[in-house]
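Dear colleague,

I am handing over the structure below, and would be grateful if you could look through it before reading my notes.

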Amino acid sequence: MADFIFWVIWALIVASAALVAFGNNLIHSVFALMGTFLGVAGIYIFLNADFLAVTQIVVYVGGILVLLVFGIMLTNKISTAQISQSSVQKGLGLLVVLGVVSIILTAVLPHDWVGAIAPLAFAETVEGIGRLLFTDYLILFEIASVLLLGALIGAATLARKEL
Amino acid sequence: MDHLNSYLVLSAILFSLGLYTVVTRRNAVAILMGVELILNAANINFVAFSKFVTHNLDGHLISVFIIMLAAAEAAVALAIVLNLYNDRGHINVDEANALKQ
């Protein structure tokens with residue numbers, strides 16, 4: 001049963017990401033992106049990452065996706081109803097991307113990763129993440145807070161009417 | 001679901017679709033969506049290696065920081081896109097080749 005759910009989520013992610021990449025309607029692409037984000041949250045649950053799954057839903061679906069929808073709504077004339085988007089150089093792009101992904105797969109798949117067969121049993125991750133955040137990753141944590149403040153001020157300044 | 005490769009293949013597919021979106025789209029918001037796909041692919045890899053190979057939480061921590069970075073990037077990039085739209089009346093990145101006109 002869990003195996004079946006895993007492959008359903010796997011297919012959901014690939015299908016909705018394909019709609020993001022190949023779709024003709026920008027609004028459809030954004031809603032497909034929601035499917036991808038929710039699917040990735042499901043994958044996190046299969047990977048024993050409970051904290052990350054919730055963070056993924058809160059930040060990506062609740063924050064970034066809403067920002068993207070705002071971005072589309074503010075930069076298109078809604079009255080035209082058809083918000084289409086076009087792509088350029090599809091053939092060349094497809095060729096380059098297929099080359100890159102085949103290089104990745106041929107490099108990664110034959111390699112025998114240590115312990116790749118024996119996964120870690122489920123354990124709560126919130127306590128461990130909190131502990132690491134304030135010990136080994138304290139500098140990174142502080143830099144992140146400064147970066148977020150900078151992004152907040154920068155975005156608010158850039159988005160003002162009178163720049 | 002109990003093998004690393006199924007996650008690595010998923011991540012590679014997600015990355016390639018994101019890369020395709022970034023290189024072929026002309027709409028700036030669509031390109032941002034491609035960047036989010038690429039960041040999600042990287043996150044899946046970090047967490048998968050954390051579970052199957054290193055058996056610790058370092059990969060989770062990096063993923064938290066990537067999610068944080070993605071949120072900051074989306075906010076600033078959309079502010080820039082709004083300015084581009086106010087300035088030009090469109091957000092076609094192929095024609096955005098000057099800082100001011």
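Two residues are taken to be in contact if their C-beta atoms, placed from the backbone, lie within 7 Å. This is a predicted model, in which local features need pLDDT of at least 70 and side-chain atom pairs count only at pLDDT 80 or more, while totals for chains, interfaces and linings use all residues. Residues are numbered from 1 along each chain as its sequence is written, and chains are lettered from A and ligands numbered from 1 in the order in which they are written.

By the contact rule, 57 residues of chain B are in contact with 71 residues of chain A. On the side of chain B that touches chain A, H1, H2 and H3 of chain B each supply at least two residues, and H3(B) gives the most, with 20 residues; helices here are DSSP runs (H or I, at least four residues), numbered from the N terminus.

As for confidence, the predictor gives the complex an ipTM of 0.90 and a pTM of 0.89, and chain B averages a pLDDT (the predictor's confidence in each residue, from 0 to 100) of 88.

With best wishes
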